[in-house]
Structures are given as C-alpha cells and as structure tokens.
Amino acid sequence: MKAVGFSRFGGPEVLEIVDLPDPHPGRGQVRIAVRAAGVNPSDWKKRKGLMNGGLPQTMGYEAAGVVDELGDGVADVAIGDRVFGLSAEGAAQAELAVLSHYAPIPSSLDFPGAAALPAAIETATRALDQLGVGSGSTLLINGASGSVGAAAVQLAVVRGARVIGTAGPANHEYLRSLGAEPVAYGEGLAERVRGLTPDGVDLALDVAGSGVLAELIELAGGPQDVVTIADFGGAQQYGVRFSSGDAGRALHALADIGELIESGRFSLPVAQTFPLAEIAQAHRVSEDGHVRGKLVLLVG
C-alpha cells in the first residue's frame, strides 16, 4: 500500500509517498480502506524530530473509511461499514489503516468530515474531563478557534458551562456561533476576561501554548484549575497539568459524538483538503498556524 513516510527529519520536503506492506488488524481492531485522514500539528512536530526519535516513520493517527478486514473478536461492525477512528500505529495517512478505536460515521457526515473528528474530540474531551467541566462552570479556552479549541468550546457548552474563548478578531463571530464569548488574545488578556467576568473564571484550558499560563492561573485562582495540551515546559514551570494520552484517553468521545452531530449541537469544519500526494503542502499550511477547522487528506 502507499503511505506517507519520511526517513530523515526536516522540512516538508522530507515527506514521501512510500510503499509499505498491507497491515492487518489484531484482536479487537478493524482495517479500513482509507478515504480520508486528518492532519494535526503533531505531524509536523514529528517530522522535525521534536517527537518520537526513530527513523523511518509513518504518519497519521486518525482516519475514516470503509471496513475491509476484521480482527478477532470484532462483532460491532461488518465489512463494508463506514467508520472513523484512531490508529495506535500512527500510520493512518495511507491507503489502508488499522483502527484500534472506532465508531460508525454519523449519517450526515462525509469521509473528510468524519476524518476531522477523532483527535480533536478525544483531546478536547480528555482535557474537559480532567478539568471537571460541568454545568455552572465558567471555562476560559486559550486558542478557541482551531480544531481542538472549537471542539472544546462546543463540548463544554453541551455540558452546561459558560465558555470564554480567545481568538483573533477575524474569528470572534465564529466563536459566538459555537456558543462562546470571544476575547482577543495578547497583552492585556486578563483585563479583557475580567471585563466579562470580574471574579475571574473557574477553569482554564490552554490549547494554543502561547505563553499565557501565568495569566490563566491568575484568572482561575490557581494551577490546579488549569490544563494545557500545548505548553509542556510551561506546565512544568508553573505546576499546571499537561494533558496527554499517556494517562488514559477519552475514547468514549468517539461513540458519544454521533448523537451530538445529528442533533445539531456539534460540528467541526474541514478547512481544506489535499490529495495524499500533496502532504508536503498540507504540512506547510498546518505549520503556518492560521487554520480555522481541520486539514484533511483525501485517499483513494
């Protein structure tokens, strides 16, 4: 099968379409003929050598497609079903992918729309679970207009939270449409937030990693009420929880999202699609950092 890979670290030009042996699912897993695969910031961090040091490497942790092979013990889907999910092997940007966790694609979604979901909703749900976001909470999300931030806004609103989200002015109306109260990021953030909620916030989630943890701690009343998914160094410096999948993933998000999508309470836009062969350009757009919604590769 054809897949995205690289054998040296560097810029987007190191990415290649390589031939790999067809994978096969293990117990409890399914294989899909991939129709679309998500692109995430972690992809270009891997490519640069900032994560996972070995070489060569494959790419991609989320995909959507059609089940074409079942692992032992799988009884909840059948060959030919449309599913989306997560690949533990990190090789989902390929013609075939093994999904370790999966769910049916909501009937209203196409393959690109489904491929946009897994990483964003799992990450957002995990962080909200760790913060204990619930009805009556006031939550500040730093970096609310990207795919994870937009997912976190909507999922927090569903839980009954009041959400304040930081974004550039061009994305303020978008955040309002998701149910958040927008504020501009940058110098003076704490004052702007206090203009909306004079006593600060109950909880804060840092999605952007833009060096604002000290302000988030001040607004939330302490590091115990702040989680970051993007600032590992800052988390260590300030005693803030860094959310990663190492402590357990929020895999219930995959099964839960369909009902929210079909009832109109959740959507995640696909910002741009690329053929698999244009993976380098997808990385350039991702690394530029000004994407509202999700970048998705089209396969097959």
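This is a predicted model: local features need pLDDT of at least 70, side-chain atom pairs count only at pLDDT 80 or more; totals for chains, interfaces and linings use all residues.
Student: Which strands does β1 (residues 2-6) pair with, then?

Tutor: Start with the general idea: in a regular strand, side chains alternate between the two faces of the sheet. Now the case here. Strand β2 (residues 16-19) runs antiparallel to β1 and is joined to it by 4 bridges; within that pairing, Val 4 has Ile 17 as its bridge partner. Strand β4 (residues 57-58) is also antiparallel to β1, with 2 bridges, and there Gly 5 is partnered with Thr 58.

Student: Okay, on to rings. How do I describe an aromatic pair?

Tutor: You give two things, the distance of the centres and the angle of the planes. In this model the count comes to 2 aromatic pairs. One of them is Phe 6 with Phe 9, which is tilted, at 6.0 Å centre to centre and 55° between the planes. Phe 6 is buried, with a relative accessible area of 2%, while Phe 9 is partly exposed at 29%.

Student: And why is the pair of Phe 232 and Phe 242 called edge-to-face?

Tutor: Look at the angle: the planes stand at 85°, with the ring centres 5.2 Å apart, so the pair counts as edge-to-face. Phe 232 belongs to helix α8 (residues 232-238) and Phe 242 to strand β14 (residues 241-242), so the pair ties together parts 10 residues apart in sequence.

Student: Which charged ends sit over a ring?

Tutor: Two cases to look up. Lys 45 has its charged end over the ring of Trp 44, 5.8 Å from the centre. Arg 82 has its charged end over the ring of Phe 111, 5.3 Å from the centre.

Student: How about helices? Which residues of α6 (residues 189-196) are buried?

Tutor: They are Leu 189, Ala 190 and Val 193. Looking down the axis of α6, these buried residues fall within an arc of 95°, so they line one face of the helix. On the other side of α6, you'll find Glu 191 and Gly 195 exposed.

Student: What covers the buried residues of α6?

Tutor: The cover includes the strands β9 (138-142), β10 (162-166) and β11 (181-183), along with helix α7 (213-220).

Student: Which residues touch the most other members in the largest nonpolar core?

Tutor: That core has 49 residues, and the ones touching the most other members are Phe 84, Leu 139, Ile 141, Leu 205, Ile 257 and Phe 266. Helix α4 (residues 147-158) supplies the largest share of this core, 7 residues. Another core, of 27 residues, lies apart from it, and its members include Val 34, Val 67, Val 74 and Ile 279.

Student: Last one. Is Asn 171 buried or exposed?

Tutor: Buried: its relative accessible area is 18%, and the cut-off for buried is under 20%. Asn 171 sits in the loop between β10 and α5 (172-178).

Student: What is Asn 171 in contact with, leaving aside its neighbours within four places in sequence?

Tutor: With those neighbours left out, Asn 171 is in contact with Ser 145 and Arg 292.

Key
Residues are numbered from 1 along each chain as its sequence is written. Side-chain values use heavy atoms; hydrogens and water are left out. Buried means under 20% relative accessible area, exposed over 50%, partly exposed in between (1.4 Å probe, protein chains only). The arc is that of the directions from the helix axis to the C-beta atoms. Contact means heavy atoms within 4.5 Å. A nonpolar core is a set of buried Ala, Val, Leu, Ile, Met, Phe, Trp, Tyr and Cys residues joined through side-chain atoms within 4.5 Å. Rings of Phe, Tyr and Trp (its six-membered ring) pair if their centres lie within 6.5 Å; planes under 30 degrees apart count as stacked, over 60 as edge-to-face and the rest as tilted. A charge sits over a ring if NZ of Lys or CZ of Arg is within 6 Å of the ring centre and within 35 degrees of the ring normal. Two strands pair if DSSP finds at least two bridges between them.
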